[in-house]
Amino acid sequence: MDLKLVQVEQLKAKPQDETQLGFGQIFSDYMFQMQYTEGQGWHDAQIKGYGNFSIPPAATVFHYAQEVFEGLKAYRTEGGDINVFRAKDNFARMRKSAERLAMPDFDAEFVHKALLELISADRAWVPQSEGTSLYIRPTYIGVDPFIGVRAAREYIFYIICGPVGAYYANGLAPTKILIEKEYTRATKGGTGFAKTGGNYASSLIAGEEAHQKGCDQVLWLDAEDRKYVEEVGSMNIFFVINDTLVTPPLDGTILAGITRDSVITLAKDRGIPVEERRISVEELMATAKSGEMTEAFGTGTAAVVSPVGEFYYGDEVITVAGGRMGEKSLDFYNTLTGIQYGKIEDKHGWIEKLK
Ligand SMILES: Cc1ncc(COP(=O)(O)O)c(C=O)c1O
């Protein structure tokens, strides 16, 4: 398939103050889009001006949430190059999400190439200031004009991007996490491992209630026993217990985070024992109380590493590591961001450089 570039004639004004970028509010000049039609396959791939497109009110995505997405970032190095972090892994994960949502497979190599061309077209939108980046959102939706419940026969795949601010505007502040007792996120055999909008829609109410209680995010427990820790709202969760890094296993109900994988790889490089195993909420509370748990942190593209200062569970509040960022969390944060911004050598082939 050819990839057409439709030049934008009138480029938008770029934000002047990179301290005010925030997250997910500003979009660049260009977007990538391609269409799928049953019988014809993928067609009409193009990079064109960012803008609205028209889809029927009956489109499958609106009624039955047939959609998957990804989130990744490109970073500006001190030398002015652009580093894209582990994009191929995002597209590999997106293919698995699409398969679960009964959506046609796509050529990940082609989409990856299109992504690099999109970032090239939008290179002036990759911000310069420390901690900022270009956030990239590949999205894939069913757009059939048919209201019956079945997989769509027409789809749109698109990628949009925009500059985002430093996640930690005020330094690496430990977060307050509510261990969710009432709602659950995913069940075995469900869509927990897929990055699909429905998982997030069903989690919104818990997030709202957590905010009302003064917490930043929720920690989900497994849906069957409400006993084992799964993941945080938009992050995987790690604990340091007796100097071992412990994180829940990828058993189909949590997202296989790319930052999670990066942290496990860095831990192994450092000779830190890693256990991917179930951890019960009782173990969490007991080891945090006894002091055996010296660190807890979330991992995800947005924050990279986000230390947990307190866990709220019913009426109990437990402080981890005196509410400060732990040594290992800080090391993982500094190493990963160092690799992303080109300050630390990338020994794992995670970075693609756009000159
Ligand atoms: C539910 C959920 N878990 C985990 C993650 C972390 O994944 P990643 O490290 O690939 O950003 C995310 C963010 O994408 C998420 O939305």
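First, the ground rules. This is a predicted model, in which local features need a pLDDT of at least 70 and side-chain atom pairs count only at pLDDT 80 or more, while totals for chains, interfaces and linings use all residues. Residues are numbered from 1 along each chain as its sequence is written, and side-chain values use heavy atoms, with hydrogens and water left out.

The largest nonpolar core has 39 residues. By nonpolar core I mean a set of buried Ala, Val, Leu, Ile, Met, Phe, Trp, Tyr and Cys residues joined through side-chain atoms within 4.5 Å. Buried is under 20% relative accessible area, exposed is over 50%, and partly exposed is in between, with a 1.4 Å probe and protein chains only. The residues with the most contacts inside this core are Phe 32, Ile 119, Tyr 140 and Phe 157. Among the elements that each supply at least two residues are strand E2 (30-37), strand E3 (41-49), helix H3 (108-121) and strand E8 (154-164). H3 gives the most, with seven residues. Helices, which are H or I runs of at least four residues, and strands, which are E runs of at least two, come from DSSP and are numbered from the N terminus.

What does Ile 119 touch, not counting residues up to four places away in sequence? The list is Ala 74, Ile 82, Val 84, Val 126, Leu 134, Ile 136 and Leu 354. Contact here means heavy atoms within 4.5 Å.

Apart from the 39-residue core lies another core, of 23 residues, with Ile 177, Met 235, Phe 239 and Leu 284 among them. Take Leu 284, which is found in helix H7 (residues 281-290). Leu 284 is buried, at a relative accessible area of 0%. Beyond four places in sequence, Leu 284 touches Ile 179, Leu 219, Val 229, Phe 239, Ile 279, Met 293 and Phe 311. Between Leu 284 and Tyr 228 there are 9.4 Å, C-alpha to C-alpha, and the two are 56 residues apart in sequence.

Next, helix H6, residues 258-269. How far apart are its end C-alpha atoms? They are 17 Å apart, which agrees with the 16 Å that its twelve residues should span at 1.5 Å a residue. The expected span is 1.5 Å times one less than the number of residues. Buried residues in H6 include Ile 258, Arg 260, Val 263 and Leu 266. After H6 comes Gly 271, with a positive phi near 75 degrees.

Arg 93 sits in helix H2 (residues 87-100), and Arg 93 is buried, with a relative accessible area of 11%.

Now the charges. The structure holds 14 salt bridges, each being a side-chain nitrogen of Lys or Arg within 4 Å of a carboxyl oxygen of Asp or Glu. One of them pairs Asp 105 with Arg 95, the closest N and O atoms being 2.7 Å apart. Asp 105 lies in the loop between H2 and H3 and Arg 95 in helix H2, so this pair ties together parts that are ten residues apart in sequence. Another joins Arg 150 and Asp 144 at 2.9 Å, N to O. Arg 150 counts as partly exposed at 29%, whereas Asp 144 is buried at 3%. Lys 289 and Glu 316 form a further bridge, with the closest N and O atoms 3.1 Å apart. That pair links distant parts of the chain, 27 residues apart: Lys 289 in helix H7 and Glu 316 in strand E17 (residues 316-319).

Last, two backbone angles. Most residues other than glycine have a negative phi. Asp 44 is not a glycine, yet has a positive phi of about 55 degrees. Asp 44 is in strand E3. Tyr 64, Ile 147 and Val 149 make a nonpolar surface patch of about 320 Å². Patches are made of residues with over 30% relative accessible area and no salt bridge, with like charges joined within 9 Å and nonpolar side chains (Val, Leu, Ile, Met, Phe, Trp, Tyr) within 5 Å. Accessible areas come from the Shrake-Rupley method with a 1.4 Å probe, and for residues only the protein chains shown count as cover. Ile 147 is found in the loop between E7 and E8, and Ile 147 is exposed at 53%.
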